[in-house]
Each structure stands twice: as C-alpha cells, then as structure tokens.
Amino acid sequence: GGVSHGPLLDDLNPAQRAAVEHQGRPLLIVAGAGSGKTRVLTRRIAYLLAARGVHPGQIMAITFTNKAAAEMRDRVVDLVGGRAGAMWVSTFHSMCVRLLRREAKTLELTSNFSIYDADDSRRLMALVGRDLELDPKRYSARALANHVSNLKNELIDPDAAADAAANDFERRAAEAYREYQNRLAQANALDFDDLIARTVELFQAFPDVAEHYRRRFRHVLVDEYQDTNHAQYTLIRELVGTGPTESGLPPSELCVVGDADQSIYAFRGATIRNIEEFERDFPDARTILLEQNYRSTQTILSAANAVISRNPGRREKRLWTDAGQGERIVGYVADSEHDEAAFVAEEIDALVDRGEAKYSDVAVFYRTNNQSRVFEEIFIRLGLPYRVVGGVRFYERKEVKDALAYLRVLANPEDTVSLRRILNVPKRGIGERAEAVVATHAERERISFASALRDAVAGRIPLLNPRSQKAITAFVELIDGLRELVDEGTDVADVLEAVLDRTGYRAELEGSDDPQDASRLENLDELVTVAREFTEFARSVGEDTGTSEDTDVATDFEDADVAEPGSLSAFLERVSLVADADSVPSPDGEGADEADEDGVVTLMTVHTAKGLEYPVVFCTGWEDGVFPHLRALGEPKELAEERRLAYVAITRAQRRLYVSRALVRNAWGQPMSNPASRFLDEIPAELVDWRRLAPSGTQRETGTPRAVTTWGRGVGTGVTSSGVRTTSFQAASRGARSSRPNESWKNKVPLKLDVGDRVNHDKYGLGTVVATEGVGPRTTATIDFGSAGTVRLMLIGNVPMVKL
Ligand code: ATP
Ligand code: MG
C-alpha cells in the first residue's frame, strides 16, 4: 500500500483494468484484434511488479516472436524500471532452450546440443530415408519430416506412432521417426519440436524439477494463445501445475490472451481448441472480454468484420471503435505484379511527399515470401528505404548455413548433419563415395560419424582409398585447429573469420565471376558483423548485471545458464532462435537498424505481421490462388484459415488500408491470370474507393473487380455472380509488362489427370479433380470447381484448362 498505481491503470478501460488487477484463478482474455490484449498483458506484468510485490524472477511471459518478447520487456522496463530485466520474456522455443540447457544432465543431454531447423531436419530425414531404403517418391524427406513434426506437436513418441499407424505410410513414417530420433540423439541435437516435447518430458518425468520451476515461476503469461499447439498447451499446464505445489503454494497464476479469429498456424499444429476449451481445461477459470478496438478506423474494422464473419462456427464478437469512420480503403487492380509493386511504391512516395506518413509508418503485406522480390526490385530502383522481415531468410542461405555448420561442429563435435554438410564444402576431395564408406563404418561399429572420421585418419577403414584418407585427415586437422581457437576463448567473430579463411571458403567466392558469389560474400560479412555485435552485446550485458537489489530471492533466480554469455554456444543458440521466428540478423532479437528518423518501409508476410500495427498498410496479391492460397481453394478448413489470415492483415492497419491485386502474375515460371480474391468481394463495396479497375472490356463498371469474365479469346462477358471464378486470358496477354505470356500454354492440355490434381479452367476457374474415367480420347475427369460447381469434362481437344 501507499504507492499509487494510478499510472498503470488510468489509461485502461474497465475490462482491461479488471484483467490487470485480477488475482488468483486462471484468467483468459479473449478479444478481437487491436482491443489491447498485448497491452493488458504487458501492463499486468508491470502491475505485478509494482503493486503486488512480485519479484521479476517469478515471471514467465511467452510471446510469439523474439521481437515481440523484446518489445514487451522494453515496455515493462519503461513502466517499472530496470530491475524488470530478470523476468523471463521469450518465445516458447527460447524458454525451452534455456530450461533444457540448465537441466541437460537430467535428460542426459550435453548442454552444448545443436538445434536443428527445418532444413537440417529434412537433411537428417533424407539420410534416414536412404538408410531405411524408403522410396523417396512415396516417402520424401519433406513429407516424413512434416509427419514427424505433427506427431511431435501432439506429443506422440515413436512407439505410440507405431501403435497408432493406420496405413503403410504411417507405419514406415513411424520407423523413420524412431531412427530419426536415434540420429538426433547421436548427433547431440534437438529439432525445434523437440525443444517443446523434451521440456514437457522433463516436467512429467521429473516431478522435483517440475516442482522447482512451479515454485519459481509464480506467474505465467501467454500472448497469442490461439496459436499454441497441443505440446505447448501441455507445457503451460505442466508449468503452472494443477494443484498446490508440494510445499503448499497454490498453483501459479496463469493469464492467457488470444483471439480465435487470428489463429493462423494450424499447419504447425496450432489449435483454437486451446482457447475455446480453456474453461474446461482450467475449470475455475475466469474469462474477460474486451470489445473496444483502439487501433483502427471504423472503415477498417468494418471491412475486417465483414470478411471474418463469413467463417462458419465462430463466436460473433462485438468490436467497436470511437476512432471515427476514417478514410475509405483504396483498391487497385494492376495488370501485373510489377505494375502492382509500382503502384505501391508510387503511393508510398506520394504519402511521404505530402507529409501524411513516414516510411516507418508503412507496411506492405503479401501471402508468401517469394512475392517480396518484385517489391524489392522497384523499391531499390526508386530509392525507397525498406527492409524485409521474415522474408530474407538470411539464416537459410546456403553460405550462411555452411558457415554456421562449421561453428556448430566446433561447438558440438557430434553434430552429424552439420559435419556432413561441410565435409566437402568447399570441395576438398572427400567425395560422396568416401562419405558413404565412412557412414557405413560408423553404422557397423555403432559409433558416431565424427568418431568414424577419426577411425579413417587412423587407417582403420580399409575400404577407404588413400586419397580420401588423406583428404579426411586434412579436414580433421583443420577442424581440430579451429576448435583450439574456441577453447582458447577467441571471440566468435574471429573464430568465424578463421573458418572462412582457413577453409578457403572466402577465397573461393572471391575468385568467382558469378555475381551471386559477390552477394554471398556480403552475406558472410554480415554474419561476421552479427557475431561482432553479439560479442559486444554480451560484454555490455555482462557489465550491467553486476548487482541485484532483491538479494533474498535473487540468488536462486539469477540465471546460471550453461551457455556462457558471449560463448560460441550462446551465439549459436541465439542465432537458431532468431532464425526460427524473425529472420532478422540481429544479435539481440530486435529489428534491423532504421535508416534514419523516417525509418524504412517494412515488407513482410501476413504471418509475420501478427500482433503488429502500422498507420498505413498495403495488402497485396489479393487473388484467388494467391490469397487465399491455391492450396486452400475447395478446402473449407484451409479456406477458413486463409480468411483468418485476411482478418489479421486488415486489422494491422490503423489509418489507411490499401488492397490490390494483379490480373496476371508469374507463378511456376508461367504467367497466370488470377481472379480477384473472394475476400475482396466480401468487403462491402461502399468502403472501397477503387483507384483503378481492370482495363475496360475485362472489367465490369461497378462493384468489386471480381467481374473479370473474359475467357477463351476474350469474347466471353458477363457472368459475375459471386463465387464463379473465371480468368481473363485476354488480359493475360496484354497485361504482363515483361511480355512473356502468350497462348502457348494452351498446347499443354492435360491429357493425363489424376484424382487430387489441381487445375485452372478458363471458365470455371480453379478446381480439384475428384474422379477420372475412361481411357485415351474418351477420358473424362470430374472436377470440383468449388462454388462454380462440380463438372465432368472430356479431356480431349483444346480443353481451356491447365494442370497446376
Ligand atoms: P492483436 O489482436 O492485433 O494482437 P491486441 O488486442 O493485442 O491486438 P494491442 O496491440 O495491445 O491489441 O493494442 C492495440 C493498440 O491499441 C495499441 O496501440 C495500444 O497501445 C492501443 N490501446 C489499447 N488499449 C488502449 C486504451 N485503453 N487506451 C488507449 N490505447 C489503447
Ligand atoms: Mg496483441
């Protein structure tokens, strides 16, 4: 008492305030976009610290990205001061890595374990598939890795997977899963899904460990709860416990916030069940609804509501704003994706010129990463400052992964995937055959690949020819020499430089004429910079965490993490986790530096935009087959997820929203004419100011640009009822600026279609083959064109249809 907590509560509405002040039983805050969920979560943490005497070390807050975590931490620090630094604010993955490194011994892991990303997992799975002699066509590494990932998200282990396997694929996948886990263990590595699953295991198998952390973390807060999967949900349950702790403390306080309409990670196993059944999972839970939106204008909210309300089976929400109607949404139909990008760039330029926005106020969204390239090209040409979030996939570039693989091998000698990745990179005369001989030896002797290499050096692998043996010896010496640097405590950046020099990696790129190699060199320089910044960052942190005010509890809470700050392991851990969620090369999880005070335009996928807000938002590529994604057409569940994604996109906008589409877009190396996104149709017409419609002749005069209806040679007109997805080949040949398109694709009439194939029909639009009958010229296919109906077609002659 005695302290005024007014400032922490004053600028909240009553429901928000209730959520901040709530004590005791589990709390669920459900609310639509922009209603202050994240703000409440942040404020609640500040309130716990300032008004309820909670120690920062007792707080565990979980966010969806590293960037969100950094922002939350900064905001709490702003509110209550630097001592808040001892909180754990992180993503699920970061939190698990931290726990697993501390408890590595309990799980018989060594604390220098490698973290495998999706690409590493696939590589490992490819090795497994090869050794199990699985047909790569039926059992691709990608399919197996996805399947195993799904199993892990459901906390199904290899035994359970084998028991539950219902068909051939699942049986073989279960075998692959078991072998894959063996290999991971051998390599002293965990994949991303394991980070969660092993932490759950840690709590379930070791009650004293669970008890320890339950006593420690008295408050668990989770943002974006709608995107948790089963494993994450279980982890939360384990963390808060269901009853009093052994020492008699009540279960930890749990506060989760979410919005079922923004669940967009079903493909990673996220389930809105977690939010919908929160009250069943935690029977004494309290639910608080927030209804006022503080982010957007009424126009933007109305558009968002109109789109999301088409989803079946959702709980209707009343979301309102007092921000006023605001500007109308601006719509634009471009001829091509290049034309669309030019429109966006010019519009941004004009807004900035008129002083209506700064670059940093603007975000450009697209559905998939590859769509960023066209924007980047034109932004560079026009000199607009920009950055790509999540799209650069800096850490997924080959040269960056190669360099990191060296570092990982130095940190974790048993890391087989990394070791095999760099064995002959750059080429040093260790061919595939030699690698296979070593791998077979490892298998037979039941030793790791790394140990097998040492056997090769010692001449214990007779099948190896002398030249390979020599090359392997040189390689092992090279690695040993580099590892000495690490052991001596050399800065990560200097180790990295040594790697690039001593391996000849840099020299090889420098000697190349390929312009791509120049950009590879730049990326490697960037990585060195990241490493330098990391070391400096670690030093600066080391300096400020010398003292702690709350000495009584602090000793227990101070983090004696195993990865020593500034160490190679700490660097690799940071990089793995940043690469996971944000893909921004920065040592502290924050965004890239802003160019100047006007900042830069942000380009990103809608998925990465979750939780963020921008005064000006461009939603691009709103075409059926792009957004909604092709995969979702005709799949009600996936379509519902795409619609939630559209809702997320629209609700990021504060003041101005643009929606655009291109009549023609290159996909799979071919110009595709895409019909308007159905989501465009769902936005009430009066909210949109169409700056440009499709060229006359292909476009109805009024309404949304859904009405592109020419087919064949541009002679058809008229059918525009909602849901009939048609395409305009007339526009196709005229529209694409780079003039590749033509009618030649029509010769590629699919004479062979199989059930499940996707097609694009001139008149009916996109469809899925549901049945085929007959042979030769009599073959017919029954195709489901979604709301345009199911049609049976002869596959002869000039069917105006392409197989996708
Ligand atoms: P999303 O669902 O997109 O994650 P959210 O519910 O988490 O949204 P916030 O990001 O917390 O919403 O808040 C949206 C915006 O509204 C922020 O700029 C926030 O500062 C502001 N805001 C929230 N509550 C209030 C309030 N009571 N008074 C003024 N501004 C508020
Ligand atoms: Mg939020």
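UniProt positions are given in the numbering used here, feature names are shortened, and annotations may be inferred rather than shown by experiment. This is a predicted model, in which local features need pLDDT of at least 70, side-chain atom pairs count only at pLDDT 80 or more, and totals for chains, interfaces and linings use all residues. Residues are numbered from 1 along each chain as its sequence is written, and chains are lettered from A and ligands numbered from 1 in the order in which they are written.

**Exercise 1.** Determine where alanine 33 is placed and whether alanine 33 counts as buried or exposed.

*Solution.*
- Step 1: the UniProt annotation "binding site", from an unreviewed entry, covers Ala31, Gly32, Ala33, Gly34, Ser35, Gly36, Lys37 and Thr38.
- Step 2: alanine 33 is in the loop between β1 (27-31) and α3 (37-51); helices (H or I, at least four residues) and strands (E, at least two) are DSSP runs, numbered from the N terminus.
- Step 3: a residue is buried if 20 or more other C-beta atoms, placed from the backbone, lie within 10 Å of its own, exposed if 12 or fewer, and partly exposed in between. Alanine 33 counts as buried because it has 25 C-beta neighbours inside 10 Å.
- Step 4: two residues are in contact if their C-beta atoms, placed from the backbone, lie within 7 Å. Not counting residues up to four places away in sequence, alanine 33 touches Asp259, Gln262, Asn293, Ala304 and Thr651.

**Exercise 2.** Carry out the analysis for threonine 38.

*Solution.*
- Step 1: threonine 38 is placed in helix α3.
- Step 2: threonine 38 is buried, because 20 other C-beta atoms lie within 10 Å.
- Step 3: leaving aside neighbours within four places in sequence, threonine 38 is in contact with Asp223 and Gly611.

**Exercise 3.** Describe the shell around ligand 1 and state which domains give residues to it.

*Solution.*
- Step 1: ligand 1 is surrounded by 19 residues (C-beta atom, placed from the backbone, within 6 Å); the closest are Gly36, Lys37, Thr38, Arg39 and Tyr294.
- Step 2: α3 supplies the largest share of the shell, three residues.
- Step 3: the shell divides into four nonpolar, nine polar and six charged residues, where Ala, Val, Leu, Ile, Met, Phe, Trp, Tyr, Cys and Pro count as nonpolar, Asp, Glu, Lys and Arg as charged, and the others, Gly among them, as polar.
- Step 4: ligand 1 lies between domain 1 (6-104 + 196-292) and domain 3 (299-393 + 600-735), because both give residues to the shell. Domain bounds come from an automatic or database domain assignment.
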